[in-house]
Amino acid sequence: YTGEDIVELSAHGSGVVLRAILDEAMRLGARLADPGEFTLRAFLNGRIDLPQAEAVADLIDAVTPLQARTAFDQLNGTLTEAIASIDRRLFDLVARLEASVDFPDEGYHFITPDEIGTRLDEVLQALDGLLATAAWGRLVREGARVAIVGRTNAGKSSLFNALVGANRAIVSEEPGTTRDLVSEVLDLGRLRVTLVDTAGFRSGATSVEREGMDRTRKAMADAALCLIVWDGSLPLHANDTDLVSQISDKKRLIVQSKADMPRCWVRPDSYPVSAVTGEGLSELIGAVRRALSAGEDHRESPALTNVRHVALVERAAGSLRRAVQAVRANGAVALPEEFVLADLQDSRAALEEVTGRRAGDEILEHVFRHFCVGK
């Protein structure tokens, strides 16, 4: 794994025996591995590149099968190959331009401005294609927060328990039972979701309930999606519709709870759900997935899942856009080829930071400090 000689000791699972082996090994000069040290050694010895090393941590932390598959794809080098393919085209352009710079009297002797512009457009298209996967990739890797909100006794905690598949939140007919946030990380529609049950809104609340409502408002602000629960067995209340207007700038779905009881109202854009019978849960989960992903799904192509990768690819694309502007100005070269060359080299430097070919100590420390000890 690391490219170095390794001795593995296997023992029975007794904690006493394992501790005795560790103590004896360290007495003889061994030490405990630092976080991610084995993967770091594999990277430093050229066994894997930096995106593959980051994929090891992502695979360990995966909660959903989709997260695991995306991390495994990156571990197999799909992102690395996509970046390398773009870099090879840039390298060819840089080589031709450097040759032209060596013969200044010839100008663009080895490549014409029109050809440079055409080839830069092709590379930019490839980079923009990668950037188009960033929102979906980060959603898969990092997940999203989904807050369940509504009036007291609307069925929020029952819905929370039904989605989680366990009685995590207290359910009672007494108003104001939930006074603090209850959260659970789960696989919802193949996406990692942190589901948050919140305190309900009502007038005449106690000071403790008001504190709970303040926390609900913060949870609403932090959430990527709000599930607004309206009691389907009771007539709509003014507070129900007020809540929709309060979060008009947020993605939201209206859930009609208690669908197993006679309905007092019908609304086409709501999702009838029964936490008792399970009616409507699969439809709601599908709606949550669509709302979070905005219809994106880049399963057939490598996705940018890491904020570090996204920032560097954006930098690479920005440098190329400056190069295009330098090449094209009313059909003529606006700047000397040295300026174009500098932009291309900056773009390549950004891509090499993605793969780790230019990774400094600070970058490596940032990547590997999040690993488990010994991985």
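**Chat about the largest pocket and its surroundings**

Trainee: Which helices each supply at least two residues of the lining of the largest pocket?

Mentor: Helix 1 (15-27) and helix 2 (37-44) each do that. Keep in mind that this is a predicted model.

Trainee: OK, and which helix gives the most to that lining?

Mentor: Helix 1, with 5 residues.

Trainee: What's the volume of the largest pocket?

Mentor: About 860 Å³. The lining has 24 residues, and the closest to the pocket's centre are Val-7, Leu-22, Arg-31, Ala-33 and Phe-38.

Trainee: How does the lining split by class?

Mentor: There are 14 nonpolar, 3 polar and 7 charged residues in the lining of the largest pocket.

Trainee: Let's stay with Leu-22. Where is it found?

Mentor: Leu-22 sits in helix 1. Its relative accessible area is 37%, so it counts as partly exposed. The C-alpha atoms of Leu-22 and Leu-32 are separated by 8.6 Å, and those two are 10 residues apart along the chain.

Trainee: Over to helix 2, then. Which residues in helix 2 are buried?

Mentor: Glu-37, Thr-39, Ala-42 and Phe-43.

Trainee: And what do the buried residues of helix 2 pack against?

Mentor: They pack against helix 3, helix 13 (337-355) and helix 14.

Trainee: What happens just after helix 2?

Mentor: Gly-46 takes a positive phi there, about 80°.

Trainee: You mentioned helix 3 and helix 14. At roughly what angle do their axes cross?

Mentor: Roughly 20°, with the axes of helix 3 (residues 50-61) and helix 14 (residues 361-368) coming within 10 Å. Angles under 35 degrees count as roughly parallel, so helix 3 is roughly parallel to helix 14.

Trainee: Which residues make the contact?

Mentor: On helix 3 they are Leu-50, Ala-53 and Glu-54, and on helix 14 they are Ile-363, Leu-364, Val-367 and Phe-368. By class, that contact has 6 nonpolar, no polar and 1 charged residues.

Trainee: Is Asn-153 buried or partly exposed?

Mentor: Partly exposed, because its relative accessibility is 33%.

Trainee: What about phi of Arg-190?

Mentor: Arg-190 has a positive phi too, near 75°, and it is a residue other than glycine. You'll find Arg-190 in the loop between strand 2 (182-188) and strand 3 (191-197). With a relative accessible area of 34%, Arg-190 is partly exposed.

Trainee: I also had Ser-319 on my list. Where is its place?

Mentor: In helix 12 (residues 307-327). Ser-319 has a relative accessible area of 0%, so it is buried.

Trainee: And which residues does Ser-319 touch?

Mentor: Leaving out residues up to four places away in sequence, Ser-319 touches Asp-343, Asp-346 and Ser-347.

Trainee: Zooming out, how many helices and strands are in the protein chain?

Mentor: The chain has 14 helices and 6 strands. Of its 375 residues, 42% count as buried.

Trainee: Last one: among contacts between residues at least 6 apart in sequence, what share joins residues at least 24 apart?

Mentor: In the protein chain, 69% of those contacts do.

Key. Residues numbered from 1 in each chain as written. Predicted model: local features only at pLDDT ≥ 70, side-chain atom pairs only at ≥ 80, totals over all residues. Heavy atoms only, no water. 1 Å grid on protein atoms, 1.4 Å probe; cavity = no way out; pocket = protein on both sides within 12 Å on 5 of 7 lines; lining within 4 Å. Points joined across faces, edges and corners; volume = space filled by probe spheres on them. Helix = DSSP H or I, 4+ residues; strand = E, 2+ residues; numbered from the N terminus. Nonpolar A, V, L, I, M, F, W, Y, C, P; charged D, E, K, R; others polar. Axes fitted to C-alpha atoms, helices over the stretch in contact; angles between N-to-C directions. Parallel < 35°, antiparallel > 145°, perpendicular 65-115°, else oblique. Contact = heavy atoms within 4.5 Å. Buried < 20%, exposed > 50% of the residue type's maximum accessible area, 1.4 Å probe, protein only.
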